[in-house]
Amino acid sequence: MPHSLHDLLDDVLAGHRLTEEEAVRLFSTRDRDVLAIAAAADELREEKVGDRVTYVRNQNIHVTNVCKNLCGFCGFGRRVDDPEAFCDDIATVQEKARIAVSRDVTEICLLSGVHPDYTLDSYVDLISCVREVAPGVDIHTASPDEIAWASERSGVSTVEVIERFREAGLGTLQGTAAEILVDDVRQVICPNKCDTQTWVRIIKEAHRMGIRSTATIMYGSCESEADRARHLAILRDIQDETGGFTEFVPLSFIYQKTPLYRAGRAPPGATGREDILMVAVARLFLDNFDHIQVSWGKVGTKMAEMALLAGADDLGGTMFCDDVSVDAGGEGADYLDPADMQRLAEDIGRTLRQRTTTYELV
Ligand SMILES: C[S@@+](CC[C@H](N)C(=O)[O-])C[C@H]1O[C@@H](n2cnc3c(N)ncnc32)[C@H](O)[C@@H]1O
Ligand SMILES: Nc1c(NC[C@H](O)[C@H](O)[C@H](O)CO)[nH]c(=O)[nH]c1=O
Ligand SMILES: N[C@@H](Cc1ccc(O)cc1)C(=O)O
Ligand code: SF4
């Protein structure tokens, strides 16, 4: 190695842009150097965004769990004839949205399976019906994979799909369905989803149209450290070009009730070391992102607090309901009261602030 780890971290703090190879080296750390990486990331976080810990007051609405993709890491998606399958009608979705409004949310996250019967119009109707009862709330929905599906089903371009979604009331796009942006891995964990190139193209189209999105990674299943580094490099390149990502959201694989784990094709999720390194390396590598989120629903609140000391500055949302985590075997993933978030932040000398989806303080 040309550098000691400490020299490398000093270089990053002085503005050196990490290479993919260097990211692999950081992800592979196994001893107390993990803590040095976390400390460097925490320093960078402090320089970049100060001592605020943010969260968004949001609510998930799951419209349907029927899904054509049935990804191996997912415990939520169901076949249409599964006894546990559900598909809400418009009135039910509006009722859920009214409840969200009564909870003073600034964001509604429409988060569902990719129903094989959905067309462009189905998505437009869903977004419009929420818009009707929740004006002023950011409708955060649709991954690039869902845009690709609407486009395929209705024979219009993906740009046109995004435009129709915007007219219907879409605020921001979900940077989900990213999983691991390496096609060999996608072939194993989500073979029915759009490929890497399509995901990248659609995200860039949205950003160029002025629609911002999150950026996610779903890690801890079958990918290698090199795959994680590749994924980060793809996101950093997109951000250089568009500046459209609001934040990076690592999603730690909840494994218990998933087909991949049950078939012995994935380990029981990421370790604590890997959870901390994902946040820390992301903070150090993604020099063009302001915000790194830790998802309390995926890693638990105690681990989330430690991630806030390792480069993260955002706790994600209140959510109120998270069937994706619960159905995969996650515990305590539904709702986190801001008072509990406050306790986490205060415990490490930081200040909790509510934000909107695009990080304006409320
Ligand atoms: C459940 S899907 C819903 C939206 C849409 N169907 C999609 O795939 O983007 C949203 C994201 O949840 C994440 N996810 C699904 N199952 C998970 C699990 N068991 N553990 C962690 N994250 C998971 C994946 O990253 C996925 O892209
Ligand atoms: N909806 C879920 C999220 N969303 C991420 C944040 O809550 C928020 O929507 C985003 O930061 C944009 O403001 N994260 C999860 O881990 N699980 C969800 O179900
Ligand atoms: N859908 C993801 C979480 C998520 C949703 C929207 C986002 O923008 C980012 C992350 C999950 O349940 O695991
Ligand atoms: S992750 Fe999304 S696309 Fe994949 S099975 Fe689950 S709901 Fe469907």
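Strand β1 (residues 52–56) is joined to β8 by two bridges, and the two strands run parallel; helices (H or I, at least four residues) and strands (E, at least two) are DSSP runs, numbered from the N terminus. Within this pairing, Val-56 stands opposite Gly-317 in β8. The model is a predicted one, in which local features need pLDDT of at least 70 and side-chain atom pairs count only at pLDDT 80 or more, whereas totals for chains, interfaces and linings use all residues. Residues are numbered from 1 along each chain as its sequence is written, chains are lettered from A and ligands numbered from 1 in the order in which they are written, and side-chain values use heavy atoms, with hydrogens and water left out.

β1 belongs to an open sheet of three strands, ordered β8-β1-β9 with parallel pairing, where two strands pair if DSSP finds at least two bridges between them. The edges are formed by β8 (314–317) and β9 (351–355), each of which pairs on one side only. Neighbouring strands of this sheet are turned by 20° against each other on average, direction ignored. Helix α16 (residues 338–347) lies across β1, β8 and β9 and runs at about 140° to β9; axes are lines fitted to C-alpha atoms, for helices over the stretch in contact, and angles run from 0 to 180 degrees between N-to-C directions.

Met-218 stands opposite Leu-251 in β7.

Helix packing was examined for two pairs. Helix α9 (residues 196–208) and α10 (residues 225–242) pack at an angle of about 25°, with their axes 10 Å apart, and are therefore roughly parallel to each other (angles under 35 degrees). The contact (heavy atoms within 4.5 Å) involves residues including Trp-199, Ile-203 and His-207 of α9 and Ile-234, Leu-235 and Ile-238 of α10. The axes of helix α1 (residues 5–13) and helix α3 (residues 33–49) come within 10 Å and cross at roughly 10°, which makes α1 roughly parallel to α3. Leu-5, His-6, Leu-9 and Leu-13 in α1 meet residues of α3, among them Ala-36, Ile-37, Ala-40 and Leu-44.

Key:
Right-handed = clockwise from strand over helix to strand, strands pointing away. Parallel < 35°, antiparallel > 145°, perpendicular 65-115°, else oblique.
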